[in-house]
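Welcome! Here is a short tour for anyone meeting this structure for the first time. Take a look at the sequence and the model below, then read on.

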Amino acid sequence: MEKQVLNEKISACIANNCGIEIYFGLKNGELRKANFVSNVQSTIKCVFIETIKEKILSPDLCIINYSCTDGRDNAIYKYDLESIEEMNIFNEVLDAEKTIPLFSFENDGINNINFLLFVIGTNNQCITLYKKLTNVNVYKQNSGLFVRRQDNEFVGFNDDHLRIIPTIDMFNIDGELFILNLSIFEKEFDIHNVITIAAKQQIEIIKKVELLENPEILTEALTDLSFARKLTKIAETSPVLGHIGNKQIIQFTQKHPMLKKVIQHSTDGSKIRLTSKKSRLLFIKLLNDDYLTSDLTSIYYDSLAKDTISMESEQS
């Protein structure tokens, strides 16, 4: 999905006549509908709409597939792997036939809230925001003496209470999941198995090309979630693998000032041999064609974003 299209869909959700519904996700996996008084709920809606405008609609952000995550800060990551059970929460809150119980302070308890879902939109279009609730957002009765203003005095109160900070970890719109906080997503959702399976499929593709002398070193590294994620679609999307001959790739690694110091080769020089964590990472970058050279200065660059340039002249 293009960023402009996404922005248009989100803008339709936060139109002047939009409403909001708020849900709590409990630590046991169940959902509860939150019951806020109308003025507070309206304030929450306004605050999160402003956050959407600042953090999501910003023209400085781009959309990148989750499987192609490259560490950029100015990106929204679109989930493009197999759906997992935890993602059903986004469907549940939109299911008109499903009745979600009202949150009970006595039976559920503030301390059992794990995350919040904010459904903002109209009858035609809505966006569901996901926010992880951290320990610093929950104030318990035994964690200190709390006071608040009443007229011109401070009075004490002893109830557990929440502090809702308008940050967004991920959001769902039109059945597609977009991620702003990768660490929260990967910690809260059981994604490791999906990533591992996808990465193993890519390793099999790499094996068939016979570029690596020891491809098993990639499989051994799949316990590292960050590395496994880098592998999930690298072979399919690589502009190098299957497009450039092995001999040419190896010659490149032998001449490149960084690669030649780290990447080793088989005795006969026909294959690449990976011997360290750094060499594995550099190999992934090699497949992604991240190593560029300036035609003007002959300086070598390690580039994350590589936007192709159209050679066609614009017609005036």
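Predicted model: local features only at pLDDT ≥ 70, side-chain atom pairs only at ≥ 80, totals over all residues.

Residues are numbered from 1 along each chain as its sequence is written, and side-chain values use heavy atoms, with hydrogens and water left out.

**Around Y79: the rings**

- Y79 and F185 form an edge-to-face aromatic pair, with 5.7 Å from centre to centre and 65 degrees between the planes.
- Rings of Phe, Tyr and Trp (its six-membered ring) pair if their centres lie within 6.5 Å; planes under 30 degrees apart count as stacked, over 60 as edge-to-face and the rest as tilted.
- Y79 lies in the loop between β4 and α3 (89-92) and F185 in helix α4 (residues 182-188), so the pair ties together parts that are 106 residues apart in sequence.
- F185 is buried too, with a relative accessible area of 0%.
- The structure holds 12 aromatic pairs, and ring pairs link Y66, Y79, F90, F115, Y130, F185 and F189 into a cluster.
- A charged residue also meets a ring: R280 lies over the face of F227, at 5.6 Å from the ring centre. For this, NZ of Lys or CZ of Arg must be within 6 Å of the ring centre and within 35 degrees of the ring normal.

**The whole protein**

- The protein has 11 helices and 16 strands; helices (H or I, at least four residues) and strands (E, at least two) are DSSP runs, numbered from the N terminus.
- Of its 316 residues, 42% count as buried.
- The accessible surface comes to about 18,400 Å², and 47% of it belongs to carbon and sulfur atoms. Accessible areas come from the Shrake-Rupley method with a 1.4 Å probe, and for residues only the protein chains shown count as cover.
- Among contacts (heavy atoms within 4.5 Å) between residues at least 6 apart in sequence, 62% join residues at least 24 apart.

**The nonpolar cores**

- In soluble globular proteins, nonpolar side chains tend to be buried together.
- A nonpolar core here is a set of buried Ala, Val, Leu, Ile, Met, Phe, Trp, Tyr and Cys residues joined through side-chain atoms within 4.5 Å.
- The largest core has 59 residues, of which Y79, F185, F189, L218, L231, I272 and F283 touch the most other members.
- Helix α5 (residues 192-209) gives the most to this core, with six residues.
- A second, separate core of 31 residues includes I22, I76, L116 and F171.
- Leaving aside residues up to four places away in sequence, L231 touches A199, Q202, I203, I206, L218, L222 and I284.

**Strands and their partners**

- Two strands pair if DSSP finds at least two bridges between them.
- Strand β4 (residues 75-78) is covered on both faces, with A75 and Y77 buried on one side and I76 and K78 buried on the other.
- β4 pairs with strand β3 (residues 62-65) in the parallel sense over four bridges, and I76 is the bridge partner of I63.
- β4 also pairs with strand β12 (residues 176-179), in the antiparallel sense over two bridges; here Y77 has I179 as its bridge partner.
- Strand β5 (residues 113-121) is largely enclosed by the rest of the structure, because nine of its nine residues are buried.
- β5 pairs in the antiparallel sense with strand β1 (residues 19-26) over eight bridges and with strand β6 (residues 126-132) over seven bridges.
- β5 and β6 form a hairpin with four residues between them, and I120 stands opposite I127 in β6.

**Helix α11 and two loop residues**

- In helix α11 (residues 277-287), the buried residues include S279, R280, L282 and F283.
- D289 follows α11 and lies in the loop between α11 and β15 (291-293).
- D289 is not a glycine, yet has a positive phi of about 60 degrees.
- D174, in the loop between β11 (170-173) and β12, also has a positive phi, near 55 degrees.

Technical notes:
Buried < 20%, exposed > 50% of the residue type's maximum accessible area, 1.4 Å probe, protein only.
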